Amino acid sequence: MGKKVLVVDDDPDVRLFNTTVLEENGYLPIEAENGEEGLQMIKSEKPDLVILDVLMPRQSGIRLYRELKTNASLREVKVLILSGIAKKTFLRSQQALTEFGESQVPEPEFYLEKPVDEDVLAATIKKILG
Amino acid sequence: MTKILLIDDEPDILRVLSRSLRADGYEVSTAASGAEGLTEFERAHTEIVITDIKMPGMDGIEVLKRIKRLNADTEVIIITGHGDIDKAIEALQYGASDFINKPVRDEALSIALKRAGEKIDIRQQLKEYTQNLEGKIEIATRELRRRTNFLSKLIRSSYEGIVATDEHLRIVVFNPGAERIFGHIQEDIVSGRSLAEILPEEMTALFERALNAERAYKEVPWREASIQSKSGERIPVMFSGSILVEGPHKMGAVAFFQDLREIKNLQRELVHSERLAAIGQTVAGLAHGIKNILHGLKGGRYLVDVGIAKKNNEKLRKGWDMVKRAIERTSDLVMDLLSYSKERQPQYEPCAPNAIAAEVCDLVRERAEQEHAELVCEFDPAIDQVLMDPHTLHTVLLNLLSNAMDACLFDEDTGKRWQVTVRTAAEADGTIRFEVVDNGTGMSDEVKEKLFTSFYSTKGQRGTGLGMLVTHKLVEEHGGRIEVETALGQGTTVRVWLPYRTDQRTA
């Protein structure tokens with residue numbers, strides 16, 4: 001049985017791309033189309049990895065990432081951020097929230113900027129999940 | 001002590017009178033003839049001279065004339081004999097102050113001396129007054145000169161151009177500031193040149209009107225205009241003027257000019273640098289949009305590859321669909337970019353703004369239902385068919401409505417009942433107000449600031465970052481204006497006023 005990977009992205013094309021890469025490489029993909037739905041699925045499905053977009057309606061990836069890293073029971077969930085937004089910008093947003101009095105969160109371990117080639121994506125997932 | 005010169009050819013009289021006068025407290029010198037008297041006068045400069053009229057050699061009349069010539073202020077009292085009345089009158093005509101008859105009585109003499117003394121006092125007082133007055137006039141003149149100097153220095157050193165004229169609009173003041181602006185030098189201008197020679201017709205007309213107006217229009221308020229310099233250059237200026245009045249009389253006019261060349265240059269530079277900054281932001285914004293599209297293209301190509309390799313038609317089809325959507329997005333982006341960068345004149349056509357608003361609402365109704373947002377239309381029935389650019393109205397409303405929908409979609413407060421309201425209202429100033437109100441996510445000050453000035457999107461792959469720029473541009477091209485009111489977490493109201501025409505002939 002392959003490892004379970006949750007794809008959180010509001011763009012159906014991106015979800016299709018990512019899930020196909022996952023399937024082709026022997027993983028078990030599941031999908032969520034916004035941060036809110038993503039959080040529920042992380043809790044219920046307990047995926048091995050979350051591939052997370054940043055700019056999404058309802059709840060952004062910035063917020064979801066923060067939820068994961070500040071919740072003791074979810075902190076160990078592995079996260080790969082895959083976004084059109086540069087890592088620098090993502091970090092700045094997190095920094096701003098910290099400055100507004102929210103707790104400090106660690107930098108994401110894995111970050112890919114769109115557009116990304118399927119082999120880079122597959123290699124990165126493989127590296128994370130071993 | 002008052003000094004008296006006593007002249008008489010009779011030594012007895014001299015002796016008696018001088019003793020009596022000295023006793024009265026005068027300083028007395030004596031002379032026994034007219035010639036001797038004059039010599040003594042020139043030495044002693046007495047204030048009063050008493051002279052006998054009938055003397056051998058130079059007589060009293062001659063002595064009087066000469067003394068008066070030497071010092072007109074000297075009081076000369078004539079002593080006359082019996083029957084000398086004609087001589088006495090002659091003496092008075094030559095400026096004698098009094099005459100007394102022989103034999104000289106002390107009483108008559110003291111009266112004459114008293115009168116002479118009073119005259120001397122009065123003359124002295126008058127002299128003091130005069131000197132005082134002269135002093136005061138001198139002080140006043142100095143003060144006046146100081147103020148005049150101050151004013152003329154003020155006029156000279158003013159950076160503003162100051163041009164003043166007499167009541168016939170002939171130039172009398174032309175300061176260095178004016179020289180800088182007009183390029184003429186003062187010497188050429190302040191020699192009977194008239195205002196009309198250096199100012200454009202309509203500006204001169206303003207002054208003529210103000211000068212001829214009975215009461216009103218004494219001031220020409222600040223306004224922007226342009227003048228032509230000596231070299232023919234058009235120079236933008238701010239100018240104002242006023243008519244100089246003294247009591248009921250008009251003295252002339254004065255005009256003030258501020259050179260706007262520097263300011264205009266600065267503004268141009270500012271606009272230029274803002275545009276450069278916008279281009280920089282465009283590139284960043286575009287790069288982001290293109291990155292997302294490229295990701296879709298790569299995904300599509302990958303699915304097609306997988307489909308071909310595995311002879312999986314479903315993957316092939318899905319991949320191809322992704323490629324097609326990426327093409328669609330590219331085309332949207334390019335179209336937005338084009339409509340932002342291209343100048344477009346509004347095309348006025350008869351149209352019904354309410355009908356266009358309703359049409360746009362129909363376009364987004366399905367999406368509103370999907371996103372659980374209530375769509376409310378409130379159209380002003382007073383709005384009839386008008387001349388307006390339907391394309392502008394359609395695009396603007398569609399942009400604003402889809403923004404309002406996005407604002408609800410992106411709202412993290414899922415407890416809300418989202419509502420989007422579209423309102424139209426006829427305004428009294430010949431415009432129609434279009435209002436799109438949502439109670440969605442609202443904007444932070446930072447986002448609001450970037451709304452019209454940069455290619456900026458908070459919507460990830462959904463936005464090109466151009467929607468509000470295009471909207472703003474269209475509204476401006478149509479001569480309208482746009483206003484945004486927003487509060488983070490509470491929603492946004494966008495109001496657009498578009499002017500319309502009613503007469504086909506003016507279209």
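Chain A follows the pattern β-α-β-α-β-α-β-α-β-α when read along the sequence. This is a predicted model. In total, chain A has five helices and five strands.

Start with the sheet. The five strands form an open sheet in chain A, in the order 2-1-3-4-5, with parallel pairing. Strand 2 (28–32) and strand 5 (110–113) of chain A stand at the edges. Each has a single partner strand, so one side of each is left without a neighbour in the sheet. Neighbouring strands are turned by 20° against each other on average, direction ignored.

Now look at one pair. Strand 1 (residues 4–8) of chain A runs parallel to strand 2 of chain A, and five bridges join them. A:Lys4 stands opposite A:Leu28, a residue of strand 2 of chain A.

Next, bring in a helix. Helix 3 (residues 61–70) of chain A lies across strand 1, strand 3 (49–52) and strand 4 (78–83) of chain A. Against strand 4 of chain A, helix 3 of chain A runs at about 170°.

Step back to the whole chain. Chain A has 130 residues, and 41% of them count as buried. Take the contacts in chain A with a separation of 6 or more: residues 24 or more positions apart account for 70% of these.

Chain A also touches chain B. The contact takes 18 residues from chain A and 22 residues from chain B. On the chain A side, helix 1 (residues 12–24) of chain A gives the largest share, six residues. The residues on that side of chain A divide into eight nonpolar, three polar and seven charged.

One is helix 14 (residues 467–477) of chain B, which is mostly covered. Eight of its 11 residues are buried. Among them are B:Gly467, B:Met468, B:Leu469 and B:Val470. B:Thr471, B:His472, B:Lys473 and B:Leu474 are buried too. Just after helix 14 of chain B comes B:Gly479, with a positive phi of about 75°.

The other place is B:Asp259, found in strand 10 (residues 249–259) of chain B. Is B:Asp259 buried or partly exposed? A residue needs 20 or more C-beta neighbours within 10 Å to be buried. B:Asp259 has 18 inside 10 Å, so B:Asp259 counts as partly exposed. Leaving aside residues up to four places away in sequence, B:Asp259 touches B:Arg180, B:Ile181, B:Ile235 and B:Val237. B:Phe182 is 77 residues from B:Asp259 along the chain, yet their C-alpha atoms are separated by 9.8 Å.

Methods: Residues are numbered from 1 along each chain as its sequence is written. Chains are lettered from A and ligands numbered from 1 in the order in which they are written. This is a predicted model: local features need pLDDT of at least 70, side-chain atom pairs count only at pLDDT 80 or more; totals for chains, interfaces and linings use all residues. Helices (H or I, at least four residues) and strands (E, at least two) are DSSP runs, numbered from the N terminus. A residue is buried if 20 or more other C-beta atoms lie within 10 Å of its own, exposed if 12 or fewer, and partly exposed in between; C-beta atoms are placed from the backbone. Two residues are in contact if their C-beta atoms, placed from the backbone, lie within 7 Å. Ala, Val, Leu, Ile, Met, Phe, Trp, Tyr, Cys and Pro count as nonpolar, Asp, Glu, Lys and Arg as charged, and the others, Gly among them, as polar. Two strands pair if DSSP finds at least two bridges between them. Axes are lines fitted to C-alpha atoms, for helices over the stretch in contact, and angles run from 0 to 180 degrees between N-to-C directions.
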